[in-house]
Amino acid sequence: MTTPTSATQRSQRLLDLAGRLADDFATRADEHDRENTFPFENFEAMKRENYTSLPIPEEVGGLGGTLLDLCLCQERLAMGDASTALAVNMHLFAVGSMAEQVGMTDPQAMLMAGMLAQQHWIIGGGFTEAEIGGNCGFPTTTAVRQEHEGVRGFVLNGRKTFTSMAPIIDFFAINTSTTDDEGKPVIGMFTVPRATQGIEIVETWDTMSMRATASHDLVIKDAWVPEQALVAMRQPGDTDVGANIILSWFCGTVASVYLGIATAARDFAYDWAKTRKPVLFERPISHFPGVQFHAADIEVELAAARALVHQTVQEWIGGGLRGRDDLARIVLMKYLATNAAVRIVDQAMGIVGAPGIFRRHPMQRFYRDVRAGPFHPMTNDVARELIGKTALGIPMECQPRWG
Ligand SMILES: Cc1cc2nc3c(=O)[nH]c(=O)nc-3n(C[C@H](O)[C@H](O)[C@H](O)COP(=O)(O)OP(=O)(O)OC[C@H]3O[C@@H](n4cnc5c(N)ncnc54)[C@H](O)[C@@H]3O)c2cc1C
């Protein structure tokens, strides 16, 4: 007779897996960063180990991890290679939030989740555009209703930026401006197979941070898809519980990736401080008050940010944070954690000093990578508007917006 695995055992097993992957990825992270190459082998390893199915239920072939498991694992993975962790996060948060949104009682959803897990398909996309940035308004990418050989469907046209994992995405999630059955303008979300005619990746990714994410442009030219490819429709600014689900999965996991970078920077800095001994002194620099104060600031920031992320995610798992006003609480964890991560890496750089800027040490990569955190939605300014307005009892849609 087999004993059922307890949730704690499963969580530990998942964290061990993330640790093994992270330690392996760390051996190549600098090379991929320097060469601006995509770590295909990391994604092969994550598929082999089923890490790409972490939030999919075990009954259909996934690893059955909760949102908290995913956050802990993504933090650990980012300690090894932040680019890989951030890139796979675009798939993992999408899969996790979809599974939660449709609920695993729907046979169609079960089938799709099972296929994703067993085929190791990767979903990515397809939201950001140069014209709209990270805003949730009507995209410039369009989906126009058009029949093809008697089959109802849509023709898609547009260009997306920041398409992380572009070389290996199997299904692109593409946000478009389209119309509902009555011809009313809506935002339509499509899932489009990579092999669809008219889909092209244009290699534009050469950045300061997160270089190995291959977040290239996705160009969509007269790509026809059947109407089943339209998986969701909504109005701009809609804030039903779906928004809370997506943002909980996105904010919790993105916050964790950037806390992983902060933790890796901290560990490097502490090792450095314990072993660097200038000849003028008898003991290593860890005995200097300045270094100790840097360390204290790091510990305080890290503990506070981690605690907030884990508490918020646990509250979500417990069924809370489903209300409209709760969006601010959800976004707050991402705002606090990504900005704390930047400050922690700055403090770690302060401990290491000038050697930290050398290419041969990973500190400069942590320093560059961590800076991308506040740019993910909600960006700092938008997050502060939401948090501030919610605190003051002002709805986001209140017009005029300011003053
Ligand atoms: C490494 C990395 C990987 C990414 N991967 C993906 C991916 O796979 N898929 C994807 O779709 N996207 C991805 N993104 C894009 C990301 O999700 C954001 O959408 C994007 O970084 C925002 O770009 P922007 O700064 O041009 O946006 P903007 O939203 O235009 O922001 C520019 C500035 O204007 C301010 N601003 C913008 N709108 C408002 C507003 N309404 N009110 C007040 N201030 C405002 C912002 O705060 C910011 O200061 C990725 C980003 C990074 C950095």
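How many residues does helix 4 have, and how far does helix 4 reach from its first C-alpha to its last? The points below take up this and other features of the model, which is predicted.

1. Helix 4 has 21 residues, and the distance from its first C-alpha to its last is 30 Å. That is close to the 30 Å expected at 1.5 Å a residue. Helix 4 also has a kink of about 35°, centred on Asn 89. Because 18 of its 21 residues are buried, helix 4 is largely enclosed by the rest of the structure. After helix 4 comes Gly 103, with a positive phi near 75°.

2. Helix 1 covers residues 7-35. Its 29 residues should span 42 Å at 1.5 Å a residue, and its end C-alpha atoms are 40 Å apart, which agrees. Helix 1 bends by about 45° at Arg 28. Asn 36 follows helix 1 and has a positive phi, near 60°.

3. Which residues of helix 1 are buried? They are Leu 14, Leu 17, Ala 18, Leu 21, Ala 22, Phe 25, Ala 29, His 32 and Asp 33. In an α-helix there are 3.6 residues a turn, so residues three or four places apart point the same way. The cover over the buried residues of helix 1 includes helix 2 (40-48), helix 3 (67-80), helix 4 (82-102) and helix 9 (363-369).

4. Gly 80 belongs to helix 3. It has 23 C-beta neighbours inside 10 Å and therefore counts as buried. Leaving aside residues up to four places away in sequence, Gly 80 touches Leu 21, Ala 22, Asp 23, Phe 25, Ala 26 and Ala 29. Gly 80 and Arg 28 are 52 residues apart in sequence, yet their C-alpha atoms are 9.2 Å apart in space.

5. The domain assignment divides the chain into domain 1 (7-121), domain 2 (126-234) and domain 3 (241-391). The C-alpha centres of domain 2 and domain 3 are 32 Å apart. Their contact takes four residues from domain 2 and six residues from domain 3. On the side of domain 2 that touches domain 3, two residues are nonpolar, two are polar and none is charged.

6. Some backbone angles deserve a check. Most residues other than glycine have a negative phi, and most peptide bonds are trans. Asn 50, in the loop between helix 2 and helix 3, has a positive phi of about 70° although it is not a glycine. Asn 50 counts as partly exposed because it has 16 C-beta neighbours inside 10 Å. Glu 149, in the loop between strand 2 (142-145) and strand 3, is not a glycine either and has a positive phi of about 50°. Glu 149 is exposed, with 6 other C-beta atoms within 10 Å.

7. Pro 377 and Met 378 are joined by a cis peptide bond, with omega about -15°. Met 378 is in the loop between helix 9 and helix 10. The peptide bond from Gln 399 to Pro 400 is also cis, with omega near -10°. Pro 400 lies in the segment after helix 10.

Methods
Residues are numbered from 1 along each chain as its sequence is written. This is a predicted model: local features need pLDDT of at least 70, side-chain atom pairs count only at pLDDT 80 or more; totals for chains, interfaces and linings use all residues. Helices (H or I, at least four residues) and strands (E, at least two) are DSSP runs, numbered from the N terminus. The expected span of a helix is 1.5 Å times one less than its number of residues. The bend at a residue is the angle between axes fitted to the seven residues ending there and the seven starting there. A residue is buried if 20 or more other C-beta atoms lie within 10 Å of its own, exposed if 12 or fewer, and partly exposed in between; C-beta atoms are placed from the backbone. Two residues are in contact if their C-beta atoms, placed from the backbone, lie within 7 Å. Domain bounds come from an automatic or database domain assignment. Ala, Val, Leu, Ile, Met, Phe, Trp, Tyr, Cys and Pro count as nonpolar, Asp, Glu, Lys and Arg as charged, and the others, Gly among them, as polar.
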